[in-house]
Amino acid sequence: MNAPPFEVADIVRAAGKSFVEKNRSRLTWQHLRLLRAIERCRTAALGGHLDQCSRCGQQAISYNSCRNRHCAKCQTNARDKWLAAREAELLDVRYVHVVFTLPHELSQLALANKRIVYDLLFRASAATLLEIAADRKHLGARIGFLSVLHTWGQNVLQNPHS
Ligand SMILES: [Zn+2]
């Protein structure tokens, strides 16, 4: 995969200081910490290590990542690893993507009762999938599926069924 011509870190390095100066009153210490993390992510500032190919001996320096959960570079890596792990689990069968959403009116209730509401969502969506798929008018089959909770915070929970 080709590297993008510009990264968020390039923008932060080029304009971050003036942005902070102009907006200091509105920025929290978390914002400042994030900007610093993005700026330094995978640079010599965070240290690194030397990788060497066990076959040809070629060496390359790998700089450490910032691991900030809001860093696009770090989260892209985490997302790619997660996707690769899910792809490795795929069977050679047809897949269908189904989305269940909570009504916006339940957002506050869900935020205050995450475990209960998300558990109910997983149970209700699983029961719905199993019932509809088993119905001869639709698929007439017992199905397997993987449920993933996608929240606005990008935190992902899984609940496998088969
Ligand atoms: Zn990072």
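Good morning. I begin with a definition: a residue counts as buried if 20 or more other C-beta atoms lie within 10 Å of its own, as exposed if 12 or fewer do, and as partly exposed in between. Arg42 has 18 C-beta neighbours inside 10 Å, and therefore counts as partly exposed. Please bear in mind that the model under discussion is predicted.

Let me stay with Arg42 for a moment. This residue is found in the loop between α2 and β1. Its phi is positive, at about 55 degrees, although Arg42 is not a glycine.

Arg67 lies in the loop between β2 and α3, the helix of residues 72-89. Phi of Arg67 is near 65 degrees, again a positive value in a residue other than glycine. Because Arg67 has 13 C-beta neighbours inside 10 Å, it counts as partly exposed.

I turn now to the helices. In general, two packed helices are described by the angle between their axes and the distance between the axes. Here, helix α1 spans residues 8-23 and helix α2 residues 29-40; their axes come within 9 Å and cross at roughly 140 degrees. Angles over 145 degrees would count as roughly antiparallel, and those from 65 to 115 as roughly perpendicular; α1 and α2 are therefore oblique to each other. The crossing of α1 past α2 is left-handed.

Which residues in α1 and α2 meet? On the α1 side they are Val8, Ala9, Val12, Arg13, Gly16 and Val20, and on the α2 side Leu32, Leu35, Ile38 and Glu39. Sorted by class, this contact of α1 with α2 comprises seven nonpolar residues, one polar residue and two charged residues.

Next, the strands. Strand β1, residues 48-52, pairs with strand β2, residues 59-63, in the antiparallel sense over five bridges. Within this pairing, Gly48 has Tyr63 in β2 as its bridge partner. The two strands form a hairpin with six residues between them, and Gly57 in the turn has a positive phi of about 85 degrees. How many of the five residues of β1 are buried? The count is zero, and β1 is hardly covered.

Ala45 and Tyr63 are 18 residues apart in sequence, while their C-alpha atoms are 8.4 Å apart in space. Ala45 counts as partly exposed, because it has 13 C-beta neighbours inside 10 Å.

Thank you for your attention.

How values were computed. Residues are numbered from 1 along each chain as its sequence is written. This is a predicted model: local features need pLDDT of at least 70, side-chain atom pairs count only at pLDDT 80 or more; totals for chains, interfaces and linings use all residues. Helices (H or I, at least four residues) and strands (E, at least two) are DSSP runs, numbered from the N terminus. Two strands pair if DSSP finds at least two bridges between them. Axes are lines fitted to C-alpha atoms, for helices over the stretch in contact, and angles run from 0 to 180 degrees between N-to-C directions. Angles under 35 degrees count as roughly parallel, over 145 as roughly antiparallel, 65 to 115 as roughly perpendicular and the rest as oblique. A crossing is left-handed if the near helix is turned anticlockwise from the far one by less than a right angle, and right-handed if clockwise. Two residues are in contact if their C-beta atoms, placed from the backbone, lie within 7 Å. Ala, Val, Leu, Ile, Met, Phe, Trp, Tyr, Cys and Pro count as nonpolar, Asp, Glu, Lys and Arg as charged, and the others, Gly among them, as polar.
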